[in-house]
Amino acid sequence: MIEKLSSDQIDKQSAQRLIEKLEFNLQNSINIQNQDAALADFMGAGDGDSGAEPYGMGGGGGMPVANALGYGAAGGAHEPSLEYELLRRRVQSNVGELWNYFSSELGKLRKRVAPTQAELAQDINEVLQLGAEHKRSLLNDIDRLRQVDGYEAWRHREARDLSDLMQRRLHFLQNPKDCANARKLVCKLNKGCGYGCQLHHVVYCFIVAYATERTMILKSRGWRYHKSGWEEVFQPVSETCLEADAAHASNWPGRHDMPVLVLPIIDSLMPRPPYLPLAIPEDLSPRLKRLHGDPIVWWIGQFLKYLLRPQKGTLDFLEAGRAKLGFKRPIVGVHVRRTDKVGTEAAFHPIEEYMTHVEDYFLTLEINGTTVPRRIFLASDDARAIEEARNKYPQYEIIGDPEVARMAAVSTRYTDTALNGIILDIHLLSLSDYLVCTFSSQVCRMAYEIMQTLYPDAAHRFKSLDDIYYYGGQNSHNREVVIEHAARNHEEIHMKAGDLVGVAGNHWDGYSKGKNTRTNQVGLFPSFKVVDKVETVKLPLYEQVQPV
């Protein structure tokens, strides 16, 4: 450009245009440098202080760069768009799926390497190691982006307001002004299964009560875990309405005007209403879709938040148990389910498999050079799992009570002592910064659901070694295809954009399994080519309870 300006062949008008272009490019370069500086602050700022929020991937503080990056105002003055929040979470999910795929494929190649090809095996190991570090860096950057994009204050405020609205709605439902004439739904606690299963049974009852505007009456006398009933462990589900007239009770489905309905277990519910999980209320769905990465888990968590308000004795026990174990953050909650689950509902997973993901979490926290103490809370129904972990991982502080684990065994499970133990286990698992477990276990799923009440969005704070999240007795779980897929072999299915796929599970190797509802073809598909379809249903608006 300077040579052109110096040329005798260029006229003054052209020279002026070139000078203006040069000035524009110079100013643009300065702006880019300023944005780069903001990004540098974003990438490196923060001291990892966990006091501001539960311990996550990256610290607080830093310069908000929402304006510099062009997607909103700094300081939380404005709300994020739905598109921005969905895209931010999808990028995070896709980084994980990308790593699942490449680590799995490279692992397969490594197994095929002949013993004489040691150098090739070493090359593959080095690629895996650097790839894992790259993945951790990306996840850390994405989490830092969330913290500094200017919307974090809105997320916390929206989460608080939505939870407050739901809790006030549930309180209104459960405390009618005229109990004698209020329509009621009877829920019998003694479903023939374990604690987590029974609690999920009560949540299902509560959802039906909410959808039908009936006060839930919980029948818990003779509860197999505590004979005196629910109210000695947790606060009553109602302050004013605890009984139903058995003489006027009818079995499900009954009629709308029947004063009392008795609900069966979800497995034998007929007809099945559309508001069973995984559906969420239509009136809350726009807010939930924007706020949370898995709205149904938030929805279930709100019912548990209301139900699990502890009596003073229970609260004192939980606080004493936490202090006795020395529970403190940062910490990863690990739940190892063995005994009756293994071989029937779930496969055996060695402790090394759990700890691989625990270590990966801590390495992600340390990606920027900080040092994070290694600490886990280990809950199990097999006391040997705690001792095994302590022997094999001496560099970790492993918090756990083998006596609680022994009481969780099948032979002693239904006692007051065992009940206290399982309540403490779930409580501390939910308070952990991250969960490593098997979602085939109701205990782990419940801890994950409760965890959602402690964060604006904790949907990503887990690693399941087997199932994806599900709710026992749920309606179909569909995902929508956003990128078409041509099957490459007989195990895969064809998909077109817009197809609905009923998902059966994630293989955690880049592929999921499901059924294309358009073609009825069943098989594998790349997990990143679909997104969850959030099911919504019209439910009562509870207009008597106004949003804050």
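The dialogue below moves from the whole chain to its sheet, a hairpin, a surface patch and some salt bridges.

Q: Before looking at details, how many helices and strands are there in the chain?
A: Keep in mind that this is a predicted model. The chain has 15 helices and 16 strands, and of its 548 residues 50% count as buried. The accessible surface comes to about 26,100 Å², with 54% of that belonging to carbon and sulfur atoms. Among contacts between residues at least 6 apart in sequence, 69% join residues at least 24 apart.

Q: In what order do the strands of the open sheet stand, and is the pairing parallel or antiparallel?
A: The 5 strands of this open sheet follow the order 8-7-6-9-10, and their pairing is parallel. Strand 8 (397–399) and strand 10 (462–464) each have a single partner strand, so these two stand at the edges and one side of each lacks a neighbour in the sheet. Direction ignored, neighbouring strands are turned by 20° against each other on average.

Q: Which residue of strand 10 is the bridge partner of Cys-437, and which helix packs on the sheet?
A: Strand 9 (residues 434–437) is joined to strand 10 by 3 bridges, and the partner of Cys-437 in strand 10 is Ser-464. Helix 14 (residues 416–431) packs on the sheet, where it touches strand 6 (332–336), strand 7 (375–380) and strand 9, and its direction makes about 145° with that of strand 7.

Q: How many bridges join strand 12 to strand 13, and what does Trp-508 show in their hairpin?
A: Strand 12 and strand 13 (residues 511–516) run antiparallel and are joined by 5 bridges, with Asn-506 standing opposite Ser-512 of strand 13. The hairpin has 4 residues between the strands, and in it Trp-508 takes a positive phi near 55°. Strand 12 (residues 500–506) is also joined to strand 11 (residues 478–481), again antiparallel, by 3 bridges, and here Asn-478 has Gly-502 as its bridge partner.

Q: Which residues make the nonpolar surface patch?
A: Val-482, Ile-483 and Phe-528 make a nonpolar patch of about 220 Å². Phe-528 lies in the loop between strand 14 (522–526) and strand 15 (530–532), and because its relative accessible area is 36%, Phe-528 counts as partly exposed.

Q: Are Glu-85 and Arg-88 buried or exposed?
A: Both Glu-85 and Arg-88 are buried, and their side chains meet in a salt bridge with an N to O distance of 3.1 Å. The two residues lie 3 apart in helix 4 (residues 82–112), about one turn of the helix.

Q: What separates Glu-388 and Lys-392, and which residues form a network of salt bridges?
A: The side chains of Glu-388 and Lys-392 meet at 2.8 Å, N to O, and being 4 residues apart in helix 12 (residues 383–392), they are separated by about one helical turn. Glu-388 is partly exposed at 24% relative accessibility, and Lys-392 is partly exposed at 42%. Elsewhere, salt bridges that share partners join Glu-85, Arg-88, Asp-143, Arg-146, Asp-149, Glu-152 and Arg-155 into one network.

How values were computed:
Residues are numbered from 1 along each chain as its sequence is written. This is a predicted model: local features need pLDDT of at least 70, side-chain atom pairs count only at pLDDT 80 or more; totals for chains, interfaces and linings use all residues. Side-chain values use heavy atoms; hydrogens and water are left out. Two strands pair if DSSP finds at least two bridges between them. Axes are lines fitted to C-alpha atoms, for helices over the stretch in contact, and angles run from 0 to 180 degrees between N-to-C directions. Contact means heavy atoms within 4.5 Å. Patches are made of residues with over 30% relative accessible area and no salt bridge: like charges are joined within 9 Å, nonpolar side chains (Val, Leu, Ile, Met, Phe, Trp, Tyr) within 5 Å. Accessible areas come from the Shrake-Rupley method with a 1.4 Å probe; for residues, only the protein chains shown count as cover. A salt bridge is a side-chain nitrogen of Lys or Arg within 4 Å of a carboxyl oxygen of Asp or Glu. Buried means under 20% relative accessible area, exposed over 50%, partly exposed in between (1.4 Å probe, protein chains only).
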